[in-house]
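Thanks for coming. I will keep this short, so please have a look at the structure on the screen while I talk.

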Amino acid sequence: MPDTKKTFKNPISLQIDPALFEKAGDEEKAQQVTMRESVSFTKDAMRRLRKNHIAMVSLYVIIAIALIAFIVPNYYPYNYTKQDVTAQNLAPFQYSAKEQARIAQGAEVFPHIMGTDALGRDYAIRVIYGTRISLLVGIFSALIVIVIGIVYGSVSGYFGGKVDLVMMRIVDIIYSLPDVLIVILLSVAIKDWVATSGSDLVARLGAGMVSIFIVFGLLYWVSMARQVRGQILSIKEQEYVLASKAIGASPARIIRKHMIPNCVSVIIIIAAMQIPSAIFTESFLSFLGLGVSVPMPSLGSLASDARTGLRSYPYQLLFPALAIFLIVLAFNLLGNGLRDAFDPKLRS
Amino acid sequence: MNAKFLSYLVKRLFMALLTVFLVVAITFFVMHAIPASPFSSEKAKSDAVIAALEAKYGFDKPVPVQFLNYLKSILHGDFGLSTGWVGNTVIELIIGGFKYSARIGFTAGILALVLGVILGSIAALQRGRLLDKVIQVATTALVSMPSFVMATILLLVFSLQLGWLPSMGNQKGGLILPIISLSLYPMAYTTRLQRSSMLDVLGQDYIRTARAKGVKNSKVIFKHALRNTLTPVITYAGPMMAYILTGSMVVENIFSVPGLGRLFTNSMLRTDYMMIMGVTIFLATMIILMNFLGDILYKVVDPRIDLS
C-alpha cells in the first residue's frame, strides 16, 4: 500500500481506513437483537431442577403429604384423642361390634383406614397428626437455621479481620459440641421444668419440640453460617464487586445485587439438608419419650407405642415407620436435586 | 513430625479440651436449672429427710461451689453417687454399661466402614451399571430410615416372624441384630462417601498415567486409587461415632441390651440427675475424642492437606 497516509481523513484514527467499512444491513442488525430474554440464575436452576424427574417426584410427594397433613384433619370424622374401648386394636378397615351394629341399622360409618390403637383411637388420624408434627419441626428448624445462619455468616464474612476470627472460633466450638446429646439433655430438663412449673405453652408444644427449636437456634446454624461466610468472603474479592465499587455502587447495592444472589444456592442446599435431620431428631426424641406430650401423637412416639403389640399388630409399627421413611426420603432426594440444580460444580 | 503439625496438634487438642469443658458446664447448669429436687419426685418424705439426703449428695451448697466441686471430682474420675440405683457410683454403672455398648458400637463401626468402603468402591467401578444403581437405591433408602425404625423392623422380621435370631441382647447371638441395626445407616453413608471419592480419584491424571504405563487394573485400583480415596471416610469416623452412640440409646432399648444407652434412658425415667450428667459427659467426651482422632489421622494420612 503505497500512499495510505493520504487517504486518511480522520486525524484521530490513523490506522483505520473508513473506505474499508460499509453500513450494516437489516439482516446483520437483526443478528444483534437478543434472541431470548436473559435467564436469571434462579430461573436457570429451577429449569435444571424441573428436568430432574426424581427431585420433581419428591417435591410432589412432599406437597401431597403436606396437603394431607394440614387439610385432611379438618374434615376427618375421627380425632386423635377420642378413645373407644369397644374398638381396641382393630385391623385396617375392620369395624368394632358397635359400629357393625350401626352399619346393620343402615348408618354409614367411616372406615378405620389404618385400624385403631390399643386405646381404640383411629390410627390413620394419629399418623396424619404425627406427620404434621414432623413437617412442622422440619420447616421451622430450617427457618431458624436460615435466619441465624445468614445473619451470623454474612456479618462475619463482610467485616472480616478480627471480628471474623472471633466469630469463627465460636462457630468452631459450637460445631464440635455433640448436638443430639445436648438436645436430649435439654429435653430432660425442660420436661422436668414443665412438670414442676407447668408452663402451658411449653406443655402444649412438648418438651422435645421446644428443646429441638432451642438447640437448632443455638447449635445447628453453624454449618449455614460457615458456608455463607465462605461465600461472602470469596465474593468480596471478585472483580465484578471491585468493578461495581469503582463505578460507585453503594455497599447496600453490592450486598443486594451481588452477595445475596450468590449465596442463594448455598442457603437452599443447606436448608434442604437440615430438614430431614430435624425430622430425624424429633422422631428419635419422641421414640425415647422426650418428644411431644401425650395425647398428641408423633411418628416417633407412635412407633414406640407400637412395640408393645409388635407381634400381634405389626401394622401399628409399619404405618408411622413408612410415613417417616417417605418424608425423609422425599426431602433427601429433593435436597440432592436442589444441590445438583443450584450448584452444578458439586455434581458428582 | 514438623513444627507446623505439632502446633496444629496442640491447637486441636486445646479445642477438644475446651469443648469437653463446655459440655461439662452446659450439662451441669442445665441440670441445675431444673426446679425439682431429685428426691421430691418419690414418695412423700419429711423435710428433714430431704435435707439430710441433699447434704449427703452435696446439693445444699451454692451452685458455683457445687460446680467447682463437681469439676474437681470429675477430674478424679468420680462422677458422684447414683440416686436412681442407690448404692452404686455413677462411674461403676457407666463402665458396666460401656462394656456392652463398646462391643456393639465398635463392631458396628468397623462393619460399617469396611462394608461401606467395599460397596462404595464397587459402585464407583461399576458406575452406571445395574449393580451401581442397586447400591445407590439401597443406600438412599437406608439413610432415610431412623435407627429405631430399622431396629424395630429387623426385630419384627428376623426375630418375631422368622425366628432366626433372638430378640433379647442377653441371649446367645443376641447382639447380632443390635449390631446390624446400628451399622446399616453408617454403612450406607460410608458407601455414598466412598463412591463419590472413588469416582473423583479415578478421574485424576495419575490414574490415567498409571493405566497408560500398562499397570494392571487391580494394582491401579488397590495401590494407586484406594489409598487416596480413604481420606473422606476417615473424617466421617467422628460423626459416625456420634451416630452410633446416640443410636445405641434406641437400639439397646429395643433389644434389651444392658448398655450405656439403655442406662441413659432409664436414668431419665428415674430422674437420676447425677447419672444423666455422668453419661452425657462420658458420651460427649467419647464423641469429641473420636472427632479429634479423626482430624489428626486425616492430616497424617494425607500430608497435602493445608494445616492452616
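Between domain 1 of chain A and domain 2 of chain A, the count of salt bridges is zero. Keep in mind that this is a predicted model.

Which residues make up the side of domain 1 that touches domain 2, by class? That side divides into three nonpolar, one polar and two charged residues.

Now the bounds. The domain assignment of chain A puts domain 1 at 92-121 and domain 2 at 125-346. Six residues from domain 1 and six residues from domain 2 take part in the contact.

How much area is buried between the two domains? The figure is about 540 Å², and carbon and sulfur atoms give 66% of it. On the domain 1 side, Pro92(A), Met114(A) and Arg121(A) supply 77% of the area that this domain buries against domain 2, more than any other three residues.

Where is it placed? Val292(A) lies in the loop between helix H13 (251-287) and helix H14 (299-306) of chain A. Is Val292(A) buried or exposed? Its relative accessible area is 11%, and the cut-off for buried is under 20%, so Val292(A) counts as buried. As for distance, Val292(A) and Pro276(A) are 16 residues apart along the chain, and their C-alpha atoms are separated by 18 Å.

That is what I have for today.

Technical notes:
Residues numbered from 1 in each chain as written. Chains lettered and ligands numbered in written order. Predicted model: local features only at pLDDT ≥ 70, side-chain atom pairs only at ≥ 80, totals over all residues. Heavy atoms only, no water. Domains from an automatic or database assignment. Contact = heavy atoms within 4.5 Å. Buried area = accessible area lost by both parts, 1.4 Å probe. Salt bridge = Lys/Arg side-chain N within 4 Å of Asp/Glu carboxyl O. Nonpolar A, V, L, I, M, F, W, Y, C, P; charged D, E, K, R; others polar. Helix = DSSP H or I, 4+ residues; strand = E, 2+ residues; numbered from the N terminus. Buried < 20%, exposed > 50% of the residue type's maximum accessible area, 1.4 Å probe, protein only.
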